[in-house]
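Biologist: I am new to this structure and would like to learn how to read it. Could you take me through it one feature at a time?

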Amino acid sequence: MIKIENLNGEVLSKMCKEVSPPKFESIQKKNKLLDGTYHIQTIGEPLKYIEFTVVANELQTEKINLMETKGELLKLIDYNRFFIGFINNKVDWKRLTLGYIDREKRLYEGKISIIVKEEGDIK
């Protein structure tokens, strides 16, 4: 099962899809030297991140948005592995359902990118 939760174990969504493999981003300075060769300088350590799409109800979206605003850690559980990190950007939510008065039945979909701080295997 692929899901996200906060560090207290509260499930924020049980429907995560399109989970990317870990990606890396770094600051690079690329220079062409006088003899025609290239020199690439990497500044700092590469940033590791994961992107995925989450489906959540309105109450869960509010909690996810608040976590992003406060800079709280989010836990992505991907079958037998977990990733803990910060939400990298504001989530642009798109509503999937119409006509529900109950906030728990209103579903939204959004792309999330987390900067991985910790990862491991679930035993």
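This is a predicted model: local features need pLDDT of at least 70, side-chain atom pairs count only at pLDDT 80 or more; totals for chains, interfaces and linings use all residues.

Biologist: Thanks! How do I read strands and their pairing?

Modeller: Helices (H or I, at least four residues) and strands (E, at least two) are DSSP runs, numbered from the N terminus. Two strands pair if DSSP finds at least two bridges between them. Here, strand β5 (residues 38–57) and strand β9 (residues 107–121) run antiparallel and are joined by 9 bridges. Within that pairing, Asn57 is opposite Leu107, and Ala56 is opposite Tyr108.

Biologist: Which other strands does β9 pair with?

Modeller: Strand β7 (residues 81–87) is joined to β9 by 7 bridges, again antiparallel, and Phe83 has Glu119 of β9 as its bridge partner. Strand β8 (residues 94–95) also runs antiparallel to β9, with 2 bridges; there Lys94 stands opposite Glu109.

Biologist: And what pairs with β5 on the side of β3 and β4?

Modeller: β3 is joined to β5 by 3 bridges in the antiparallel sense, with Cys16 opposite Val54. β4 and β5 are antiparallel too, with 9 bridges, and Ile27 faces Ile43 as its opposite residue in β5.

Biologist: Now the turns. Which residues take a positive phi in the hairpins?

Modeller: The hairpin of β4 and β5 has 5 residues between the strands, and Gly36 takes a positive phi near 95° there. In the hairpin of β6 and β7, with 2 residues between the strands, Tyr79 has a positive phi near 55°. Tyr79 is a residue other than glycine. Another such case is Glu18, which is not a glycine and has a positive phi of about 55°. Glu18 is placed in the loop between β3 (15–17) and β4 (23–32).

Biologist: Are Glu18 and Tyr79 buried or exposed?

Modeller: Buried means under 20% relative accessible area, exposed over 50%, and partly exposed in between (1.4 Å probe, protein chains only). Glu18 counts as exposed because its relative accessible area is 54%, and Tyr79 is exposed with 57%. For contrast in wording, Gln41 in strand β5 is partly exposed, at 42%.

Biologist: What about aromatic rings: how many pairs are there?

Modeller: The general idea is that a pair of aromatic rings is described by the distance of the centres and the angle of the planes. Rings of Phe, Tyr and Trp (its six-membered ring) pair if their centres lie within 6.5 Å; planes under 30 degrees apart count as stacked, over 60 as edge-to-face and the rest as tilted. By this rule the count is 0 aromatic pairs.

Biologist: Which residue lies over the face of Phe82?

Modeller: A charge sits over a ring if NZ of Lys or CZ of Arg is within 6 Å of the ring centre and within 35 degrees of the ring normal. Lys75 lies over the face of Phe82, 5.1 Å from the ring centre.

Biologist: Last, how do I read the largest pocket?

Modeller: Rolling a probe the size of a water molecule over the atoms shows where empty space is left. On a 1 Å grid over the protein atoms alone, a pocket is an open set of points where a 1.4 Å probe fits, with protein on both sides within 12 Å along at least five of seven lines; lining residues have an atom within 4 Å of a point. Helix α1 (residues 58–70) gives the most to the lining of the largest pocket, with 4 residues. Lining residues include Asn6, Lys63, Leu66 and Glu72.

Methods:
Residues are numbered from 1 along each chain as its sequence is written. Side-chain values use heavy atoms; hydrogens and water are left out.
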